[in-house]
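Subject: Structure for your review

Dear colleague,

Please find below the structure that I am handing over to you.

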Amino acid sequence: MILIGRSRWVPPRRWKLWSLPRPALSYVLGVDAVAVMITALALASTVSGARTGVRPTEWVAFAVLAAASVLHLESARGIERRREMAANTSPYTNLKSLWVFAGLLLLPLSLVVALVVVTYGYSWIRVYGRTIAHRKVFSASTFILASAAAAGVLRGGGLLTEPRVPTGPWTLLIVVGAAATWWLVNFALVIGAILLSSPDATARGALGDLADQLVVVAGLGLGVAVAALQASYPWVVPILMVTVLTLHRDLLLPQFQRAAGTDVKTGLATPAYWASAVPAELARAETLRSSVGLLMLDLDKFKEINDTYGHPAGDQALRAVGESVRAEVRQGDLVARVGGDELAVLLPGASEGEVLEVAERIRDRLSTLSVSVDTAMATTAVITGVPASFGAAVYPDVADTMDQLVLAADNALLSAKRDGRNRIVTARPDPPAVTDHADQPVGD
């Protein structure tokens, strides 16, 4: 087996960006180009405009907001990946607006752009994993355009210098107007991209659940609070940060985990959640013209562990297997227990080479796994090696639907079992049908 290295370099001609419909491609590149122009103008204004350079207090505020944004993203990266997958062809709402809008009230536009770059750069690396780069570049561009529009409202309302926090009814009205402008511009740009990228999408479907936009509204409101505290009482900001992180992680995350369903023996996703996640991810991949990898793995001779040491020991071994599999998959991949000793791994955006790389890492780890278990005889035993057979399949290379993808992976798994176990077999597309024309009459 030839394994693919860990290099993530993709030649420009193979970027998923070029698979977008021509109107969507023009739109995305146009928005990105406008964002680059705004960035250049903001930098020029900071260097040679009315203000000369960045003040020390603004550098401090930038550092605080950048650090807070990174900490926020890191603490909630698991839930945010699952929420983005659930959004599919509707706008994905998040709390990045909190730190960006706070920066808009405290910093020159050039540093706001830098904050957007830091936020999206970190989230691309740590939160969303192997997602499509052009989507994150476009999302960052919408933030830059929205911030520039909101900055125009602030300046038009007379708030010319930072910090631009509300100090009275009129300035409060201006800040609220800027926040509304920020939301509207960002929302409209995202909706436009969804409609142009998905010819079958409807305007109503693209809008999604408008109640989800309350997340953005809450983020903008918290951004105003963070900016006001940073300007007047900076040492109170860490307290507000802790509050935001607690609300996001300890309230929203359990809600999504309960909705997902967790297998009590392994801590993995349940078959019910798996059955709902696969078609949603395939629909998302179709919209993005991306791929989805699927691994089905069955533990070899696992019944012998149950028969020799008892079912409680088997449960302990199964949990250790689940932990080992999760340790070797990528950020954002979904691992589920779909049968007694059968697991499945969903790998969004993965190519065949990447699926095989993950499978080989899991196979190596399970082959040498050492598990201490409590036996039915009230003693402790050590099980060394819990090998597994793997079937791999990739959408859309070998399948067009969920049923076809699962069947292809299952058939590959059966082949691995028949060929000697503890090996990986990859599903291949069926060869095209060949029509024999030998006996057909020849026209005049």
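Predicted model: local features only at pLDDT ≥ 70, side-chain atom pairs only at ≥ 80, totals over all residues.

Two strands are taken to pair if DSSP finds at least two bridges between them.

**Strand 6 and its partners**

In strand 7, the residue opposite Phe390 is Ile424. Strand 6 and strand 7 (residues 424-426) run parallel and are joined by three bridges. With strand 1 (residues 292-299), strand 6 pairs in the antiparallel sense, over eight bridges.

Is strand 6 covered on one face or on both? Both faces are covered: Ala388, Phe390, Ala392 and Val394 are buried on one side, and Ser389, Gly391, Ala393 and Tyr395 are buried on the other. This arrangement may be read against a general rule: in a regular strand the side chains alternate between the two faces of the sheet. Strand 6 spans residues 388-395, and eight of its eight residues are buried.

**From strand 6 to strand 7**

Together with helix 15 (residues 402-418), strands 6 and 7 form a β-α-β unit, which is left-handed.

- Pro396 lies in the loop between strand 6 and helix 15. The peptide bond that leads from Tyr395 to Pro396 is cis, with omega near 5 degrees.
- Arg421, in the loop between helix 15 and strand 7, is not a glycine, yet has a positive phi of about 70 degrees. Arg421 is partly exposed, at a relative accessible area of 33%.
- Asn422 is found in the loop between helix 15 and strand 7 and also has a positive phi, near 50 degrees. Its relative accessibility of 27% makes Asn422 partly exposed.

**The nonpolar cores**

The largest nonpolar core has 55 residues, and those with the most contacts inside it are Leu65, Phe101, Leu104, Leu107, Leu154 and Trp182. Several helices each supply at least two residues of this core, including helix 1 (22-48), helix 2, helix 6 (133-156) and helix 7 (169-197). Helix 6 gives the largest share, nine residues. Beyond its neighbours within four places in sequence, Phe101 is in contact with Ala150, Val175, Ala178, Ala179, Trp182, Leu220 and Val224. Another core, of 35 residues, lies apart from this one; among its members are Leu299, Ala317, Val321 and Val358.

Among the buried residues of helix 2 are Phe62, Leu65 and Leu73.

There are five aromatic pairs in the structure. How are the rings of Trp59 and Phe62 arranged? Their centres are 6.3 Å apart and their planes stand at 85 degrees, so the pair is edge-to-face. Both residues belong to helix 2, three residues apart, about one turn of the helix. Trp59 is partly exposed at 45% relative accessibility, whereas Phe62 is buried at 14%.

In helix 7, Trp183 and Phe187 are four residues apart, about one helical turn. Their ring centres are 5.2 Å apart and their planes at 15 degrees, so this pair is stacked. Trp183 is partly exposed at 26%, and Phe187 is buried at 10%. Finally, Tyr120, Phe143 and Trp182 form one aromatic cluster.

With kind regards

Definitions and conventions. Residues numbered from 1 in each chain as written. Heavy atoms only, no water. Buried < 20%, exposed > 50% of the residue type's maximum accessible area, 1.4 Å probe, protein only. Right-handed = clockwise from strand over helix to strand, strands pointing away. Core = buried A, V, L, I, M, F, W, Y, C linked by side-chain atoms within 4.5 Å. Contact = heavy atoms within 4.5 Å. Phe/Tyr/Trp six-rings, centres within 6.5 Å; stacked < 30°, edge-to-face > 60°.
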